[in-house]
Amino acid sequence: MKHLELHIIQSVPVACLNRDDLNSPKTAVFGGVQRARVSSQSWKRAIRELAKEITPNYFQGERTRLIYEPLYKAMKAAGLSDTDSENGAKAVVDTLVNIDEKSKDKVKSKTLYFMSPLELETIAKAYKETKDVKKSLKTVKAESLKNAADISLFGRMVANDPSLKIEGAAMFSHALSTHRVDNEIDFFSAVDDLQPKEESGAGMTSTLEFNSATYYRFAALNLDMLADNEHLGSLSLEERKDVVKTFIQATICAVPSARQNSMNGNTLPAYVLGIVREKGHPVQLVNAFENPVRPEHGYLTPSIQQLKDEYARQKEIWGTEAVFEKAIPDISLKQFLDEVTSYVV
């Protein structure tokens with residue numbers, strides 16, 4: 001399996017990138033101490049959104065419970081009447097992900113569906129010809145996803161129709177701090193602008209939790225899978241290179257958007273190690289930090305060094321081989337992207 005690995009060290013200041021059900025920054029215990037954590041789901045969402053900005057033509061996938069409306073419009077565009085479009089769209093949604101009968105304001109499905117605009121167009125045209133939902137769904141092939149590379153990269157699960165399931169070509173770990181982190185509490189007050197001058201006190205007071213951390217992030221991409229006929233095999237090699245380039249850039253640069261107005265956490269990584277292997281499976285380097293970093297002058301420098309040391313140990317002990325291994329900032333992002341995508345198949 002030819003695959004790409006990205007090992008990223010990134011320092012984030014006061015922030016709450018990903019919160020739990022109690023509104024606290026997520027954490028995990030690793031190496032016997034509490035770490036700051038950002039779930040893979042949270043970071044993947046940010047990556048998908050940035051990829052749409054970078055290359056909108058290839059990243060048009062939408063994950064939604066509101067599939068009915070765009071499907072209805074696709075059926076109308078295919079030439080069906082209002083009634084046939086309405087009935088057909090409802091039948092398809094109910095077959096795919098079940099209509100939520102409790103929803104009163106709009107037609108919604110019970111679960112999210114990761115859809116491609118071209119896929120809906122394909123289903124609508126087939127339904128016009130057959131008036132058969134199951135036959136219409138059978139017309140969905142890989143070509144129907146070529147404008148939604150995000151579905152091929154991140155995958156989707158369709159419990160009602162396993163033939164539409166797509167195994168994601170990309171994999172991610174939860175981001176973990178390389179060191180011990182304790183969440184802190186920010187007490188804040190807000191002034192009432194119209195409060196009489198003779199009255200004292202704040203208009204409101206409250207608290208928010210936050211932390212700051214240097215994270216180790218890991219992502220990998222199965223380059224062979226991405227090129228097969230169930231994924232992006234219908235794209236040309238140059239088009240797949242554009243997709244991979246966008247994926248890498250978005251993975252490196254995206255940051256979850258939680259509390260960005262009050263605790264802006266937008267930073268760029270300090271170090272990105274890119275590795276391409278022609279066999280084997282992706283391997284994290286997170287054990288570089290099983291013994292948490294205890295710095296004298298910040299976390300970034302020792303975190304980068306421990307990552308390098310762990311990779312050197314893996315190569316020496318396990319004999320892991322790579323056809324590409326280069327790092328930012330040793331080379332620029334542009335050079336990194338150009339060199340990595342030369343291995344796209």
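Student: Which residues gather in a patch of negative charge on the surface?
Tutor: A patch takes residues with over 30% relative accessible area and no salt bridge, joining like charges within 9 Å and nonpolar side chains (Val, Leu, Ile, Met, Phe, Trp, Tyr) within 5 Å. The areas come from the Shrake-Rupley method with a 1.4 Å probe, and for residues only the protein chains shown count as cover. Lys and Arg count as positive and Asp and Glu as negative, with His and the chain ends not counted; the place of a charge is NZ of Lys, CZ of Arg, CG of Asp or CD of Glu. The residues gathered in this negative patch are D192, D193, E198 and E199.

Student: What kind of model is this?
Tutor: Residues are numbered from 1 along each chain as its sequence is written, and side-chain values use heavy atoms, without hydrogens and water. Local features need pLDDT of at least 70, side-chain atom pairs count only at pLDDT 80 or more, and totals for chains, interfaces and linings use all residues, since the model is predicted.

Student: Where does E199 lie, and is E199 buried or partly exposed?
Tutor: Helices (H or I, at least four residues) and strands (E, at least two) are DSSP runs numbered from the N terminus. By that numbering, E199 sits in the loop between β8 (184-190) and β9 (204-222). Buried means under 20% relative accessible area, exposed over 50%, and partly exposed in between (1.4 Å probe, protein chains only). E199 has 46% relative accessibility, so E199 is partly exposed.

Student: How many helices and strands does the chain have?
Tutor: The chain has 345 residues, of which 47% are buried. Its C-alpha atoms fill a box of roughly 75 × 70 × 35 Å along the principal axes. The secondary structure comes to 10 helices and 11 strands.

Student: How many disulfides does a search of the whole structure find?
Tutor: A disulfide is a covalent bond between the sulfur atoms of two cysteines. The test here is a pair of cysteine sulfur atoms within 2.5 Å. C16 is buried, at 0% relative accessibility, and C253 is partly exposed, at 24%. For the whole structure, the number of disulfides found is 0.

Student: How many salt bridges are counted?
Tutor: Side chains of opposite charge can pair when their charged atoms come close. The rule asks for a side-chain nitrogen of Lys or Arg within 4 Å of a carboxyl oxygen of Asp or Glu. K52, E62 and D150 are linked in a network of such bridges. By this rule the count of salt bridges is 16.

Student: What separates K90 and E86 along helix α3?
Tutor: Their side chains meet in a salt bridge, N to O, at 3.3 Å. K90 is partly exposed at 31% relative accessible area, and E86 is partly exposed at 33%. The two residues are 4 apart in helix α3, so their separation is about one helical turn.

Student: How many residues apart in sequence are the parts tied together by E119 and R156?
Tutor: E119 and R156 form a salt bridge with the closest N and O atoms 2.6 Å apart. E119 lies in helix α4 and R156 in the loop between α6 (149-154) and β6 (170-172), so the pair ties together parts that are 37 residues apart in sequence. Both E119 and R156 are buried. The separation in sequence is therefore 37 residues.

Student: Which peptide bond is cis, with omega near 25°?
Tutor: P329 sits in the loop between β11 (324-328) and α10. The cis bond with omega near 25° runs from I328 to P329.

Student: What is the phi of K131?
Tutor: K131 is in the loop between α4 (117-130) and α5 (133-137), and is partly exposed at 45% relative accessibility. Phi of K131 is positive, in a residue other than glycine, and near 55°.
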